[in-house]
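Have the viewer open and follow along.

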Number of protein chains: 2
Amino acid sequence: MLNDATSEFLNKLENQLGKNCLRAPEPRDLSEPRGMYTGQAAAVLRPTDTHQVSDILAACNAARVGVVPMAGNTGLTGGQTLQDGALPVIISMERMTNIREISVENNTMTVESGTILADIRAAASNENRLFPLALASEGTCRIGGNLATNAGGVNVLRYGNTRDLCLGLEAVLADGTIIGGLKSLRKDNTDYDLRHLMIGSEGTLGIITTSVLRLYPQPKHQFAAMLAVPSPKEALALLTMMSDQLEGRVSAFELIDRTGLDFLIEKVIPFKEPFLRAYPWMVLMDCGGGDGLQDAMEQALAKAMEAGLVVDAVLSQTLGQHQALWQIRETIPEANKKIGPISSHDISVPIARVPAFIDAAHKLVDRRFRINCFGHMGDGNLHYNVFPPKGDSPKNYLHLQPEINGSIYDLVAEFGGSFSAEHGIGRLKAADLAHYGDKGQLLAMRKVKDALDPNGIMNPGAVFA
Amino acid sequence: MLNDATSEFLNKLENQLGKNCLRAPEPRDLSEPRGMYTGQAAAVLRPTDTHQVSDILAACNAARVGVVPMAGNTGLTGGQTLQDGALPVIISMERMTNIREISVENNTMTVESGTILADIRAAASNENRLFPLALASEGTCRIGGNLATNAGGVNVLRYGNTRDLCLGLEAVLADGTIIGGLKSLRKDNTDYDLRHLMIGSEGTLGIITTSVLRLYPQPKHQFAAMLAVPSPKEALALLTMMSDQLEGRVSAFELIDRTGLDFLIEKVIPFKEPFLRAYPWMVLMDCGGGDGLQDAMEQALAKAMEAGLVVDAVLSQTLGQHQALWQIRETIPEANKKIGPISSHDISVPIARVPAFIDAAHKLVDRRFRINCFGHMGDGNLHYNVFPPKGDSPKNYLHLQPEINGSIYDLVAEFGGSFSAEHGIGRLKAADLAHYGDKGQLLAMRKVKDALDPNGIMNPGAVFA
């Protein structure tokens, strides 16, 4: 139930912005994909442009009403769901879905924050351009959320994280101030880099409303190779060799644990075994390039086999084979979900330390448990997930989760790594940030937060515990 | 002359940090390359590590002593030279010159901020790695200054600006707080991005003391092509075609104005004419890659000639030819200096708008004057420089400088561009920033500055007018 003050506030806003600008929250607005958080909200506000966002924030700031920005609601750390505290409003980007401009010569696209990632990728592709951000949720997630969380994905190795794919933006601060100027420049040294400050701040400093995205030439050919490797150590040496030999054309380098394939079999998820033998470790490498690419890959892989880094290899020859290889990688998270993890981690360490980290982590975890350790090895980003013994339920072990998480995160810290490589902090990891974060960094973050959002209305409870 | 309070402050610091930590300012500390500013300083402080920087800043902050950070003192906008106000201290990075670690497998190098850029490039090269930042001043400039100003250069097209070449850093804020954690991760979503906030802030928010730099595989071959183009319009179409055809292997795409070559002749600076005819516009393209590169360049250029984008071409076959082509580009600034500009600009516009911008700018400038418009077209970054009629002295026209600058900057603003693409703001362009900067952005910058440096001790007078 809304109290009188809240009702009055919302009525006033509705009068100012128009009837369609406001709707009642629906269940889909208040829960998130993993079902870990159920939120609450007084209303969902639906601005149609940056100026309306500015009006809304100025009003919320004056009335000290908390604001939860929402794009596609696909985030995995509860950044988009307020759990408790004062009844906030959701500011949804659902009506800001325009692709304003595509420039082939500038290699840029100007988009509003509600635009669905898949629509952006399709629009780029129509112009023979590539927008490299590729996520499992691309049909649902919206670019504003990708930017707010600096989303990662499989192409980071070649094209960078979301922040590297944004040349300029327009954002609104808590008091309604509009910043950014929506620049589409490759070089501009006139400002503090508030663009990168907004990106990845998870809606706690402001709302990104529009952005200029970087496009790339669409590679003419794209080939995948599934490579059996003796161990993560050889996978690392292979990464170095392939980067040298294939010169910037390697777009993905994914480590795959045999456990993942066993999970697919166990949960009867269809896939095509890449090899006749069940190798314990594999790498799925993807490359994009011109006519010489296939030859270059074959030569590079021959060299790798000669050096003992690769013991077996399948190179995709057709689009169908390319998809079949990727299907293995992409269905593993589904199998994980069905098996049910005791604990899962989105961590990173310096690339060169990945093999040593895996060795050390394996020693920490109880031998009864099954481990599926896979992910974006090319970025040092592993999903290190722990599962119960076969046939057993994760529920029987969930009480061990804090202990397992703690020992993994301690190890990550020891290795100079990150306890949240690509998913962000949200509400799920706010306490971890307080514990593992660099003290000076946290102090400075707090000062920046207080300077730009003195009333603390922006996504309260996220990032800061 | 130092007053008693300053002397006492410095004595105390010297006692705390050791005798070698302090020296008297020398003329080279107080002037900058263009001789436009002459500074003053009570002392030059020479910390040897991040903790000493922290001690110094904490002391300066408590005593409200202004601080000018200095690395190689090669900046072109007076960011490293305090002109007036209270007598500040210079914090020089001259004793922090260690390369702490090079990791081939991680593709990173950890360096202290006083390390000379050329030393970094050489150390990378020794490991068959490339650190792509390439500047005319590389033998003198230090990486801390490159980071503080987000230096650009000729390889931005392929590898990005300095900010894109830094994975992590350690920096000290005004009150002595150490931030950054010196991470060497490709993915880390646990923080506000204070790294990018420090980079490019020109020492007004803190001092970067150490950084983790990104290395790349050293391309096996590097070829340059000098290409005569009908006009900047065809140069733009050529850039798009080459980016498509050569897939990420184009590292530089420089527009060259015939005027630049005429200046070389006029000032008797030796160079080899690339063509038999004097074409009005040329492009110097540089590509790095593996064995197929030369064939790929030849094929791509044949296509460009067929399309009428290139009317004449010279492709380097030897290292000597490669150097001869680059010598033309690299000696043009020297010729400019000898001719003497009335006004020079370091500007950028969206790449797609470069030809229209040049047309419009040419119409603004008095026909008596000679224009040399050249630069990093691949980044939309032009050096648009105006010179007196042949035989005349720039001194006779310097009174027109403010008017010319104003009309060029107005035009840049109209084109959505930047009035300082790669050199930064410093003291030279602080008033321009106040005039041309986005109002909301400036407001937010001021808030961030006040939050992190409430006493305003960090590089006072730079960036903010």
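## Strands and their pairing

Two strands count as paired if DSSP finds at least two bridges between them. In this predicted model, strand β6 (residues 108-112) of chain A and strand β10 (residues 206-214) of chain A are joined by five bridges and pair in the antiparallel sense. To find one of these spots, look for T110(A), whose bridge partner in β10(A) is V212(A).

## The whole sheet

That pair belongs to an open sheet of five strands in chain A, ordered β5-β6-β10-β8-β9 with antiparallel pairing. Which strands sit at the edges? They are β5 (99-103) and β9 (178-179) of chain A, each pairing on one side only.

Helix α3(A) packs on this sheet, where it touches β8 (166-173), β9 and β10 of chain A. The direction of α3(A) makes about 35 degrees with that of β8(A).

## A pair of helices

Two packed helices are described by the angle between their axes and the distance between the axes. Here, helix α1 (residues 4-17) and helix α3 (residues 50-63), both of chain A, have axes that come within 11 Å and cross at roughly 155 degrees. Angles over 145 degrees count as roughly antiparallel, and α1(A) and α3(A) are therefore roughly antiparallel to each other. Their crossing is right-handed.

## Where the helices meet

From α1(A), the contact takes in F9(A), L13(A), Q16(A) and L17(A); from α3(A), it takes in Q52(A), D55(A), I56(A), A59(A), C60(A) and A63(A).

Note on methods:
Residues are numbered from 1 along each chain as its sequence is written. Chains are lettered from A and ligands numbered from 1 in the order in which they are written. This is a predicted model: local features need pLDDT of at least 70, side-chain atom pairs count only at pLDDT 80 or more; totals for chains, interfaces and linings use all residues. Side-chain values use heavy atoms; hydrogens and water are left out. Axes are lines fitted to C-alpha atoms, for helices over the stretch in contact, and angles run from 0 to 180 degrees between N-to-C directions. Helices (H or I, at least four residues) and strands (E, at least two) are DSSP runs, numbered from the N terminus. Angles under 35 degrees count as roughly parallel, over 145 as roughly antiparallel, 65 to 115 as roughly perpendicular and the rest as oblique. A crossing is left-handed if the near helix is turned anticlockwise from the far one by less than a right angle, and right-handed if clockwise. Contact means heavy atoms within 4.5 Å.
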